[in-house]
Amino acid sequence: MDFSVLVVFFLVVVGVSVIPGPSTLIAFAHGARYGGSRALMTAAGNSTASMLQAAAASAGLGLVITTSAFLFLLIKYAGALYLIYMGVQIWRTAAHRLAFASEMEDVRFAWKRLFSGGFLVAASNPKAVVFFTALFPQFLTAGHNTLAQMTAMVAVIGVVAFVVAALYGYAGAWLRRLDFSRRVMKAVYKATGGLFVASGVGLAVSRN
């Protein structure tokens, strides 16, 4: 793959990744609640899921999903239900006292919970595999090693997914440090939870 082509691919992935969605919203919510450094685990989960989806697309799973209506619907509805579940959980968090300090000091804090949250939210959308399946061929250069090109693109997706989610996580932590009132923070959590529910419903009712 020519370097110029890789740069264009990188810019396309960045442009798609920075658009607010479930993966960035969960990173933002975790950053606001647990701090930016801990939200890096959420970013790592998001990055891992994105790379697995990209690898699956390159291995042909995207073609299987697009040709199997049952499999696609199964994954789609499972992902939709998980997004709705996450939205309800975030909404419920707003209904309780946001004891940020105590959670930040909890030495028994489950880091894997943040990682799994980021991973499952990113993995819950089967359209990502279909998207990567459609995107990759546009940037493959004839006469070059296909495996090497695909590996480079998967790596780019992983790095971009991690950095973007991390930035959203630190944005959430920055918002928390502004010491907004409890009412404002409740509104932020309710809005985030509502967006998750809306994303899940939108995924469930989408035709394609």
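1. Start at Val201. This residue sits in helix α10, which covers residues 182-205. Keep in mind that the model is predicted. Is Val201 buried, exposed or partly exposed? Its relative accessibility is 39%. Val201 therefore counts as partly exposed, because that class lies between the 20% and 50% cut-offs.

2. Now look at what the fold brings to Val201. In sequence, Tyr77 is 124 residues away from Val201. In space, the two C-alpha atoms are 9.3 Å apart. Find both residues in the 3D view and check the pair yourself.

3. Move to helix α3, residues 36-58, and pick out Gln53. Its relative accessibility is 8%. Gln53 is therefore buried, because buried means under 20% relative accessible area.

4. What does the side chain of Gln53 reach? It comes to 3.1 Å from the backbone oxygen of Ala122. Ala122 is also in the contact list of Gln53, which leaves out neighbours within four places in sequence.

5. After α3 comes Gly60. The phi of Gly60 is positive, near 105 degrees.

6. Next, the surface. Which residues make the nonpolar patch of about 410 Å²? They are Phe3, Val7, Phe10 and Leu11. Take Phe3 as an example. Phe3 belongs to helix α1, residues 3-17. Its relative accessible area is 66%. Phe3 is therefore exposed, because exposed means over 50%.

7. Step back to the whole protein. How many helices and strands are there? The count is 10 helices and 0 strands. Read from the N terminus, the order of elements is α-α-α-α-α-α-α-α-α-α.

8. Contacts across the sequence deserve a point of their own. Take the contacts between residues at least 6 apart in sequence. Of these, 90% join residues at least 24 apart.

9. Finish with burial and surface totals. The protein has 208 residues, and 41% of them are buried. The accessible surface comes to about 10800 Å². Carbon and sulfur atoms hold 69% of that surface.

Note on methods: Residues are numbered from 1 along each chain as its sequence is written. This is a predicted model: local features need pLDDT of at least 70, side-chain atom pairs count only at pLDDT 80 or more; totals for chains, interfaces and linings use all residues. Side-chain values use heavy atoms; hydrogens and water are left out. Helices (H or I, at least four residues) and strands (E, at least two) are DSSP runs, numbered from the N terminus. Buried means under 20% relative accessible area, exposed over 50%, partly exposed in between (1.4 Å probe, protein chains only). A polar contact is a pair of N or O atoms within 3.5 Å; within protein, one must be able to donate a hydrogen and the other to accept it, and residues adjacent in sequence count only if both atoms are side-chain atoms. Contact means heavy atoms within 4.5 Å. Patches are made of residues with over 30% relative accessible area and no salt bridge: like charges are joined within 9 Å, nonpolar side chains (Val, Leu, Ile, Met, Phe, Trp, Tyr) within 5 Å. Accessible areas come from the Shrake-Rupley method with a 1.4 Å probe; for residues, only the protein chains shown count as cover. A salt bridge is a side-chain nitrogen of Lys or Arg within 4 Å of a carboxyl oxygen of Asp or Glu.
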